[in-house]
Amino acid sequence: AAGLEPSYDVAFHMSQSQNPIAILWRRNAYPYIVLITDEIAQIWNPIITESLIADNMRNCAVGNCRPGDRYEFFVLTPSMFFYQWDEIAFYEQNRLISIDPVNDMRYASELRDKVLSNVCTN
């Protein structure tokens with residue numbers, strides 16, 4: 001449907017061990033997922049819920065994950081929609097980044113500080 005951005009579907013499929021959207025995770029990768037949306041969380045598949053996605057995110061099964069690892073998930077969205085992502089982001093407020101004010105340099109800085117600072121660069 002026009003204007004429908006199924007962000008919950010994307011987060012769900014990105015975090016499934018079966019890898020239904022064929023992400024080419026390297027065998028030695030530690031999966032980081034950054035979702036950017038300016039809209040309320042939406043779905044195409046009505047069985048997908050925030051709790052279901054959160055369960056997937058707590059059980060990383062691709063790349064270099066070990067049992068008990070979780071996906072590193074971050075979302076840029078309007079702060080009024082943070083409540084729709086808080087469980088998926090492990091209730092860690094630093095994983096929720098306000099999309100406002102719109103500024104690509106701020107986004108780059110936020111991602112560098114919150115995401116890339118945790119990535120091993122060796």
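**Figure 1. Polar contact between the side chains of Glu72 and Arg95.** In this predicted model, the two side chains approach to 2.7 Å; a polar contact is a pair of N or O atoms within 3.5 Å, where, within protein, one must be able to donate a hydrogen and the other to accept it, and residues adjacent in sequence count only if both atoms are side-chain atoms. Glu72 belongs to strand β2, residues 72-77 (strands, E, at least two residues, and helices, H or I, at least four, are DSSP runs numbered from the N terminus). Glu72 counts as buried because its relative accessibility is 13% (buried means under 20% relative accessible area, exposed over 50%, partly exposed in between, with a 1.4 Å probe and protein chains only). Beyond its neighbours within four places in sequence, Glu72 is in contact with residues including Tyr30, Tyr32 and Arg95 (heavy atoms within 4.5 Å).

**Figure 2. The disulfide between Cys60 and Cys65.** A disulfide is a covalent bond between the sulfur atoms of two cysteines; here it is assigned to a pair of cysteine sulfur atoms within 2.5 Å. The S to S distance between Cys60 and Cys65 is 1.8 Å, and the whole structure holds one disulfide. The link of Cys60 and Cys65 is right-handed, with 65° about the S-S bond. Both Cys60 and Cys65 are buried.

**Figure 3. Gln42 and the backbone of Glu5.** Gln42 is found in the loop between β1 (32-36) and α2 (50-57). Its side chain reaches the backbone nitrogen of Glu5 at 3.1 Å. Gln42 counts as buried because its relative accessibility is 12%.

Residues are numbered from 1 along each chain as its sequence is written, and side-chain values use heavy atoms, without hydrogens and water. In this predicted model, local features need pLDDT of at least 70 and side-chain atom pairs count only at pLDDT 80 or more, whereas totals for chains, interfaces and linings use all residues.
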